[in-house]
Amino acid sequence: MFSMGLKGAALLAFGSVVTALGQERIITLNATDSLLQIAGGSVSAGQILVAPDEYWGVVRAAGDLALDFGRVTGINYTLSNGQSGAQPVQYVYNPVNNMNNTHYSTTGTESFPGPNFSEPSPADTVIIAGTIGKSSIIDALVESGAIDVSETEGKWESFTSQVVETPVPGVAKALVIAGSDPRGTIFGIYDISEQIGVSPWYFWADTPPKKSKNLYVSKAKKVQGPPSVKYRGFFLNDEQPALTNWVASRWEDTPYGPGYRPAFYSLIFEVLLRLRANYLWPTLWATMFEVDDPGNQPLADAFEIVLGTSHTEPLMRAQNEFGKFYRDKGLGPWAYNENNKTIDEYFRYGVARAKPYARNSLWTMGMRGTGDTHIEGLGVEHIVDMLTELVENQREIISTGLGVEDITTVPQMWCLYKEVMTYLFHGLEVPDDITLLWADDNWGTVRRLPLLNETQRAGGAGVYYHFDYVGDPRNYKWINTIQLTRTAEQMHHTAARGADRIWIVNVGDMKALEIPINHYFDLAYDLNRWPVDSAHDWAKAYATREFGPAHAGHIAEIMIKYGLYAARRKFEILESHVYSLINYNEADAVLQQWRELVEDTQAIYDVLPAEQQPTFFQTILHPVLAGEIVNKIHIGGGRNWLYAGQKRNSANRVISDVLSYSSQDANLTRRWDTVSDGKWKHFMDQTHLGYDGYWQQPMRNTLPPMIHVQTDFASVAGEVGIGVEGSNATVQGDDQWHPNSSNQLNVPPFDKYGPITRYFDIFSRGTKECVWTASPWQPFVKLSQYKGTVGPSDRQDTRVYVTIDWSHPALNATAVASPVPINITTPCRGMDKYGFGLPRVNVPITLRTIPSNFTEGFVESDGHVSIVGSSYQAITPPKETSPLNNNVTYHTFKEFGRTGTGVGLYPLSTEKLTVSTAPALEYSVYLFTNHSAANITLLISPALNYLGDWDPLEYAVSLVPKGSADEPVNVQPVGPTEGTNMPDGWGYAVGDAVWGLRGKYTTSSHKVPRKGEYTLRVWALMPGIIVQKVVVNLGGVRPSYLGPPESFLVGRDVLGARNGTSFLNEEGTLGGWKDTVVVA
């Protein structure tokens, strides 16, 4: 946690460096060795020069740069096209007649004005920007040899930034930005905006600019080549209630719905370009982008945004158009096999409407059912035949409508979303020039990636990804629940297999997803700059840009921890039973992580300058506070059920606590609604509490069900109750969790290699203040408390921790009878003494020792061995060499998964291997329990059959006595995709954020003929098998969400010093600790 030094560091918050996130810097605050001063000194109000013949979108971006200098220096720069008396450049278009959406026509001429031009001032000109082949100024500089564009000319979205002496008459020296195409120039312009101190999120997250008076160019030339991914964009989707309510509160409705007009979309287009993205799928459900306002489609083209449409909206027509203007007007159903002539005319209209903007269009091909559903009423073979004919017709319609002879020159994509992917497996052939846009499973796991024989397709491949989703098994659309390390792993895997033509991500309302959006686009723009393990470095760079360098390291830690905590169980799918309240201290450990994260995050917020606090609240503090509250609500609901089942008085206190948390949740929304003077009111309108087994959002936030205990009278079993770790049972008294009339409960067993503590609870079930005494029968059984008082007041519950003094002579002198009893007595005995004996807690103790020659490996305790996947002892090389396994090894993904690490094959381009050709992870284990079979379960990150169901995800496991030959058992955890159904168990796997928690999908059975040392090997036969934990169950594993804490590792852990009570003690746990007992 952070305390000392924060206030002093706050003075540095605005930073001494100028930063652009991950990009090569050419702007500095330091005059030393600089080449050109562009702000301060003799530059009072600088000027930016563009050519009179430049693209409208470039001129507009240059106008933004002029304003950005004003945001930073306090003085707006001017913009000139070099001509005296110049009027703003106009983007002229012919508005579509949106009152007749079945017969294409336009309604005259309108235009978008560009920024105002000022009179030319060569002496003040510090930046010149233009596009090669379009800007007469840039072309003249190229022709004269003043600038060298050989590394960027003709390339996609590239630019050079170069300091040039006397670039035009009257200008002594200027920074010249030359783009290979209009977006290349725009990215070069916004590169300067970001480097001088204006965040891409200055509007959407209220990031304040970094104030500076003096700015210098530090490098003679910068060359930025093509992005890693050609088309990079997001999908505004699931926009009701939050985004739509916000839009409706700010802008007048359109004739067809909420005010999704150019005023809104200009803000979207700008942030996309500032983030170096270029592609958009507009809002879908309550809107019709091209119809709502005739200015929307031309505005995208004017901004140089590539317009597309979603997987369910072919040929530039919004989903709602057919139902509203065709089906509801009696023009037939959305069924190509029944109504192809009408649907073809529907497509022709879309092509005609988009033709003026075809230069910035990416066409969605194919067809799905009505309203984001599958095609109904036809068998798969007929659907394949129909779609083949449909796409042929669509290509002819596009070719004819655009007047293009070669359809392969027109960018097209077919999104293989949900059921559409399966059509390929049934013989659907897609023309080679159409990009295959594979999709994830809506939960961040890519379903299918290019095979080796698909990587040379002219159209290439891409991926449709999700940061927001509405559907099975549960919506997630409230706030950010994205783990950056997981995004990096998935997108690097995607690129490694050649899916790099299009990356489009569903961002729902967009607001609250600023961090994962920025990260995603930075990966897409420059994948080499951000390797697979770069998420933490990226987070620090992001924090530096947004908040300055003083706290960037701390903020990055918060960002990474939050992503892990939120992603291991998304907030909407949290329920009261998820985290165990009785096993492995799990629920309390989770709450401790959230509590510490809140403290750390609040500490940063408190010392930030006031102008940075709104941004920090929106993007960092709010989700952390919200996440803790929701976890407390659901874990509190589970605690209430546990306590009510034990008839504790404190069950009612927990209800009060949960009601308080509910108020905190509501007040946090109220606080959000007031931030930045209410600018973002409605963005937290999304419900997030009260999902009841149905995937759709609840219509109102509601709490989990809880049980009230009547406290007017004492329990018939007495005033005082006892509960133990690992059980719901209570003594004295009867319940379903232990034998009737029994007055004894066992804590989980002790041995030297297990957890250092166990616990039992003493609690009030009555109306009196009662003292109690706990008396172990042996002196080596130690308690954290031997006496106390419980009652109906605040002194309701006491948790007593049990430890063993392993050095005590009484323990080591002779064999110990196990279990060792602890008598619990109280004078508060009434009529209950006639029905129930005195309660007793038993402490099972096992005395055992590993042989001295076992010097490295994991030791069984409590009937299991639990291993963090990355804690392997060795990597066993492949038995056979092959071109496929050259340089293949295992890679540990850090700050990853549900607790902190995962391990999988690397490089990610590796093809599927066999047990003979794959390296193996090797673990040494010592087992005391000999069973006819031990079940080994791997908890692996969600993955799917990305090479196809015919070549499924696969790994192998072997467990044999040391020195014996391997006996690998091959496991294929993911079944086939059948029609619209996902593989069996998928819903649980994505909700749990691992395969293996439920079902037997990742469990294999192995013989354990005798106690002793065993060798456990795991062969991940392909990338995508990322092992988070290995659990060898010899009969002692108890239910939990995160699995048993990691077992004692000889050679690393020290007897008596290792805690082992929860996952927080595991090696590599993010937000973990080693030597503290979790206290409820």
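Colleague: Before we start, what should I know about the numbering and the model?

Modeller: Residues are numbered from 1 along each chain as its sequence is written, and the model is predicted, with local features needing pLDDT of at least 70 and side-chain atom pairs counting only at pLDDT 80 or more.

Colleague: Why is the contact of K219 with E24 called a salt bridge?

Modeller: The term asks for a side-chain nitrogen of Lys or Arg within 4 Å of a carboxyl oxygen of Asp or Glu. K219 and E24 have an N to O distance of 1.9 Å, so the pair qualifies. The two lie 195 residues apart, K219 in the loop between β10 (215-217) and β11 (221-224) and E24 in the loop between α1 (6-10) and β1 (27-28). Helices here are DSSP runs of H or I with at least four residues, strands are runs of E with at least two, and both are numbered from the N terminus. The structure holds 52 salt bridges.

Colleague: What makes K219 partly exposed?

Modeller: Buried means under 20% relative accessible area, exposed means over 50%, and partly exposed is in between, using a 1.4 Å probe and protein chains only. K219 has 36% relative accessibility, so it counts as partly exposed. E24 has 28%, so it is partly exposed too.

Colleague: How do you know that R71 and D68 are separated by about one helical turn?

Modeller: Both sit in helix α2 (residues 56-73), three residues apart, which is why the separation is about one turn. In general, an α-helix has 3.6 residues a turn, so residues three or four places apart point the same way. The closest N and O atoms of R71 and D68 are 2.5 Å apart, and the pair forms a salt bridge. R71 is partly exposed at 25%, whereas D68 is buried at 0%.

Colleague: How do you know that the span of α2 is close to the expected one?

Modeller: The expected span is 1.5 Å times one less than the number of residues. α2 has 18 residues and reaches 26 Å from its first C-alpha to its last, close to the 26 Å expected. It is followed by G74, whose phi is positive, near 90°.

Colleague: And why is α2 called mostly covered?

Modeller: Of its 18 residues, 16 are buried. R60, in helix α2, has 9% relative accessibility, so R60 counts as buried.

Colleague: Which salt bridge joins E911 to a distant part of the chain?

Modeller: E911 pairs with R497, with the closest N and O atoms 3.0 Å apart. They lie 414 residues apart: E911 is in the loop between β33 (900-906) and β34 (920-927), and R497 is in the loop between α13 (484-496) and β19 (502-508). Both E911 and R497 are buried. Elsewhere, salt bridges that share partners join D588, R639, R648, D761, D797 and R799 into one network.

Colleague: What makes one space a pocket and another a cavity?

Modeller: On a 1 Å grid over the protein atoms alone, a cavity is a set of points where a 1.4 Å probe fits but cannot get out, and a pocket is an open set with protein on both sides within 12 Å along at least five of seven lines. Lining residues have an atom within 4 Å of a point. Points are joined across faces, edges and corners, and a volume is the space filled by probe spheres set on them. The largest pocket holds about 920 Å³; of its 40 lining residues, the closest to its centre are S576, H577, V578, Y579 and S580. Helix α18 (residues 613-645) gives the most to this lining, with five residues. The largest cavity has a volume of about 330 Å³ and is lined by 26 residues, with W443, Q483, R486, A567 and A993 nearest its centre.

Colleague: How are the residues of the lining of the largest cavity divided?

Modeller: Ala, Val, Leu, Ile, Met, Phe, Trp, Tyr, Cys and Pro count as nonpolar, Asp, Glu, Lys and Arg as charged, and the others, Gly among them, as polar. The lining of the largest cavity has 11 nonpolar, 10 polar and five charged residues. The lining of the largest pocket has 20 nonpolar, 15 polar and five charged residues.

Note on methods:
Side-chain values use heavy atoms; hydrogens and water are left out.
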